[in-house]
Amino acid sequence: MGPEAPGSAAVPRGADPDPGDPEASRLTRRLEEFIRAHEQEASRVEVSGLRRADVGYSRENWTFDARWSAGGQEGGAALIMRRDPEGSVLVTDRRVEYALLRALEGTDLPAPRARWLDGDGTWFGRPSLVMDRIEGECRMFAIEGPDPRKIAVLYFQDRYSAAIHELTT
């Protein structure tokens, strides 16, 4: 694979989607078409390892790796697509999430690079956002208990919240 964005990492995963999984196969093809249409001058795009992550219950999170050729150069990245579910009690907008991630680029705040947006669901049937996949762990109850590392999470959460506030004032 070509160069990856700083801070991104390929996460070990299983093989490419099961050919019997029509949704994963369809999404793989659509992602290749989407990246080809949105990555300037992309002539060859290959998506591999697509799988639905088992975290992120408010949105569908699909992790994958992508490689492409554009303007005679090879590129690629470890990516994640966040897609709105078919139904949810939590209402958020992928366009707002995309704009926020783009606003955080160039700041000291740790945030993935937002690559492409399907704000109206034209490509994937529902609004979606493709961004760099950053190495890390998503744990729903990470701050429970007396572990000092969990106190550090609260410190950074407070620090980053303050930095975001400074961006908006």
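This is a predicted model: local features need pLDDT of at least 70, side-chain atom pairs count only at pLDDT 80 or more; totals for chains, interfaces and linings use all residues.
Helices (H or I, at least four residues) and strands (E, at least two) are DSSP runs, numbered from the N terminus.

Residues are numbered from 1 along each chain as its sequence is written, and side-chain values use heavy atoms, with hydrogens and water left out.

**A loop residue and its surroundings**

Buried means under 20% relative accessible area, exposed means over 50%, and partly exposed is in between (1.4 Å probe, protein chains only). A53 counts as buried because its relative accessibility is 14%. Contact means heavy atoms within 4.5 Å. Apart from neighbours within four places in sequence, A53 is in contact with N61 and T63. I80 is 27 residues from A53 along the chain, and the C-alpha atoms of the two are separated by 9.2 Å.

**Helix α1**

Helix α1 has 17 residues. From its first C-alpha to its last, α1 reaches 24 Å, close to the 24 Å expected at 1.5 Å a residue; the expected span is 1.5 Å times one less than the number of residues. Which residues of α1 are buried? They are A24, L27, T28, L31, E32, F34 and I35. Seen down the axis of α1, these buried residues fall within an arc of 165 degrees, so they line one face of the helix. The arc is that of the directions from the helix axis to the C-beta atoms. On the other side of α1, P22 and A37 are exposed. The buried residues of α1 pack against β1, β2, β3, β4 and β5.

The phi of E41 is near 65 degrees, a positive value in a residue other than glycine. Most residues other than glycine have a negative phi. E41 is exposed, because its relative accessible area is 57%.

**Nonpolar cores**

A nonpolar core is a set of buried Ala, Val, Leu, Ile, Met, Phe, Trp, Tyr and Cys residues joined through side-chain atoms within 4.5 Å. The largest one here has 20 residues, and the members that touch the most others are L31, I35, F64, W68, L79, M81 and V130. Two or more residues of this core come from each of α1 (22-38), β1 (42-52), β2 (60-70) and β3 (73-83). A second, separate core has six residues, among them I80, Y98, A114 and M131. In soluble globular proteins, nonpolar side chains tend to be buried together.

Strand β3 also holds G76. G76 is buried, with a relative accessible area of 4%. G76 and E46 are 30 residues apart in sequence, and their C-alpha atoms are 9.1 Å apart.

**Salt bridges**

A salt bridge is a side-chain nitrogen of Lys or Arg within 4 Å of a carboxyl oxygen of Asp or Glu. The whole structure has 16 salt bridges.

| Pair | N to O distance |
|---|---|
| R67 and E46 | 2.8 Å |
| R126 and E86 | 3.6 Å |
| R115 and D132 | 2.7 Å |

R67 in strand β2 and E46 in strand β1 are 21 residues apart, and the pair links distant parts of the chain. R67 is partly exposed at 30% relative accessibility, and E46 is partly exposed at 32%.

R126 lies in the loop between β4 (114-118) and β5 (128-132) and E86 in the loop between β3 and α2 (94-104), so this pair ties together parts that are 40 residues apart in sequence. R126 is buried, with a relative accessible area of 15%, whereas E86 is exposed at 73%.

R115 is in strand β4 and D132 in strand β5, 17 residues apart. Are R115 and D132 buried or exposed? Both are buried. Salt bridges that share partners join E23, R26, E60, R83, E86 and R126 into one network.

**Helix α2**

The buried residues of α2 are R94, E97, Y98, L101 and L104. Seen down the axis of α2, they fall within an arc of 125 degrees, so they line one face of the helix. Just after α2, G106 takes a positive phi of about 85 degrees.
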